[in-house]
Amino acid sequence: MFCGDYVQGTIFPAPNFNPVLDAELLGGALQGFGCDKDLLIDILTQRCNTQRLLIAEAYLGAFSRDLVGDLKEKLSNHFKDVMVGLMYPPPSYDAHELWHAMKGAGTDESCLIDILASRTNGEIFQMREAYYLQYSRDLQEDIYSETSGHFRDMLVSLVQGTREEGYTDPATATQDAMVTRTWGSCGGFVRQPRAVVLAGGPAAFQVLWEACQQRTGEHKTLLQLMLCNKSYQQLCLVFQEFQSISGQDIVDAINECYDGYFRELLVAVVLCIRDKPAYFAYRLYSAIHDFGFHNKTVIRILIARSEIDLMTVRKRYKERYGKSLFHDIKNFASGHYEKALLAICAGDADDY
């Protein structure tokens with residue numbers, strides 16, 4: 001497990017930053033016939049998000065035009081998605097992705113899982129605000145109307161943003177784990193009040209066990225309450241004790257007990273708690289290799305994690321899959337789209 005490891009992004013504030021000069025260069029690249037896509041990449045992928053927003057302000061002042069609007073007008077296809085995506089503040093980008101995942105026919109459940117399983121309380125709060133400001137709709141209400149069952153219930157729990165932060169109690173984790181010595185018999189479960197489960201009382205591990213053995217609606221609800229509300233640090237201890245006492249990894253137990261999108265969401269939350277960069281490395285690998293390069297997923301993860309932990313995601317990717325993320329993007333993407341993704345990835349020839 002890697003709970004608490006240091007993580008690093010790939011995009012940082014550019015030194016000697018001059019938003020007016022950048023805006024003028026972008027104006028020259030976007031105005032008139034044609035478009036200097038190389039210049040767009042060189043500027044927008046080498047500035048942090050705060051700097052890009054300042055460039056957009058300077059661009060409006062210099063040309064009385066909206067930079068995002070001009071990018072949408074001049075660019076096309078996945079390259080446009082990358083360049084425009086870079087211009088959203090992170091909460092607005094999450095809101096944008098969630099909106100498009102739920103609007104129209106069908107729902108992109110994987111997008112909902114990736115975002116809501118991985119964001120902090122603060123990120124969720126800002127995302128909800130941005131969603132309302134951009135679309136005049138309540139994010140929780142839209143999730144409720146577009147999903148169903150225990151999958152919906154857990155998404156709604158996550159979007160509350162009420163997870164404990166920074167709390168650990170090793171003694172409680174060990175005490176919780178000792179309850180599982182009675183495994184092999186599903187009897188003896190004593191229903192615990194919601195407050196006891198959230199506080200990490202002695203029934204917490206029994207909730208995990210019973211949730212897998214009996215799979216009733218009540219047990220699913222208690223399991224989701226625990227995974228959505230306890231701190232990352234405390235749950236790391238809980239998972240370690242679960243493994244030590246049961247001899248089974250919690251992810252394996254979930255995979256045996258549940259199915260569908262509810263199972264995928266449970267596993268995503270556990271993996272993000274343990275090692276968030278490893279989760280996104282796994283999602284990128286799946287998007288590239290299992291789905292014939294799923295562009296939306298690759299773009300979303302690279303942009304969203306670029307200033308948070310993408311360098312660490314790259315490291316996990318190489319450790320786990322043998323080839324670098326740079327190598328796989330280069331093999332599956334092409335043109336300026338490929339160049340933009342590689343610039344965000346911050347790979348180089350040594351990574352190939």
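What share of the contacts in the protein chain with a separation of 6 or more comes from residues 24 or more positions apart? Such residues account for 73% of those contacts, where contact means heavy atoms within 4.5 Å.

Welcome to this structure. It is a predicted model, in which local features need pLDDT of at least 70, side-chain atom pairs count only at pLDDT 80 or more, and totals for chains, interfaces and linings use all residues. Residues are numbered from 1 along each chain as its sequence is written, and side-chain values use heavy atoms, with hydrogens and water left out.

## The overall picture

The protein chain holds 21 helices and zero strands. Both are DSSP runs numbered from the N terminus: helices are H or I with at least four residues, strands are E with at least two. Of the 352 residues in the protein chain, 51% are buried. Here buried means under 20% relative accessible area, exposed means over 50%, and partly exposed lies in between, using a 1.4 Å probe and protein chains only.

## The core

In soluble globular proteins, nonpolar side chains tend to be buried together. A nonpolar core is a set of buried Ala, Val, Leu, Ile, Met, Phe, Trp, Tyr and Cys residues joined through side-chain atoms within 4.5 Å. The largest one here has 96 residues, and Met83 and Leu341 have the most contacts inside it. Helix α17 (residues 260–290) gives the largest share of this core, with 15 residues.

Which residues does leucine 341 touch, leaving aside its neighbours within four places in sequence? Its contacts are Val82, Phe293, Val298, Ile299, Leu302, Ile329 and Ala333. Val298, Ile299 and Leu302 are among the buried residues of α18. Helix α18 (residues 295–305) is mostly covered, since ten of its eleven residues are buried.

## Helices side by side

Two packed helices are described by the angle between their axes and the distance between the axes. Axes are lines fitted to C-alpha atoms, for helices over the stretch in contact, and angles run from 0 to 180 degrees between N-to-C directions.

Helix α20 (residues 325–332) and helix α21 (residues 335–345) have axes that come within 9 Å and cross at roughly 175°. That makes α20 roughly antiparallel to α21; angles over 145 degrees count as roughly antiparallel, under 35 as roughly parallel, 65 to 115 as roughly perpendicular and the rest as oblique. On the α20 side, Leu325, Phe326, Ile329 and Lys330 make the contact, while α21 brings Glu338, Leu341, Leu342 and Cys345.

Helix α9 (residues 139–146) and α10 form another pair, with axes that come within 9 Å and cross at roughly 170°. These two helices are therefore roughly antiparallel to each other. Here Leu139, Gln140, Ile143 and Tyr144 in α9 meet Arg152, Leu155, Val156 and Val159 in α10.

## Aromatic pairs

Rings of Phe, Tyr and Trp (its six-membered ring) pair if their centres lie within 6.5 Å; planes under 30 degrees apart count as stacked, over 60 as edge-to-face and the rest as tilted. The count by this rule is 14 aromatic pairs. Two of them are set out here.

| Pair | Distance of centres | Angle of planes | Kind |
|---|---|---|---|
| Trp99 and Tyr135 | 4.4 Å | 5° | stacked |
| Phe151 and Tyr261 | 5.7 Å | 40° | tilted |

Tryptophan 99 sits in helix α6 (residues 90–102) and tyrosine 135 in helix α8 (residues 121–135), so the pair links distant parts of the chain, 36 residues apart. Tryptophan 99 is partly exposed at 22% relative accessibility, whereas tyrosine 135 is buried at 19%. Trp99, Tyr131 and Tyr135 form one aromatic cluster.

Phenylalanine 151 in helix α10 (residues 149–159) and tyrosine 261 in helix α17 tie together parts that are 110 residues apart in sequence. Phenylalanine 151 is buried, with a relative accessible area of 7%, and tyrosine 261 is partly exposed at 37%.

## Two backbone details

Asparagine 16 has a positive phi of about 55° although it is not a glycine. This asparagine lies in the segment before α1 (19–30) and is exposed, with a relative accessible area of 77%. Serine 64 also has a positive phi of about 55° without being a glycine. Its place is the loop between α3 (49–63) and α4, and serine 64 is exposed at 63% relative accessibility.
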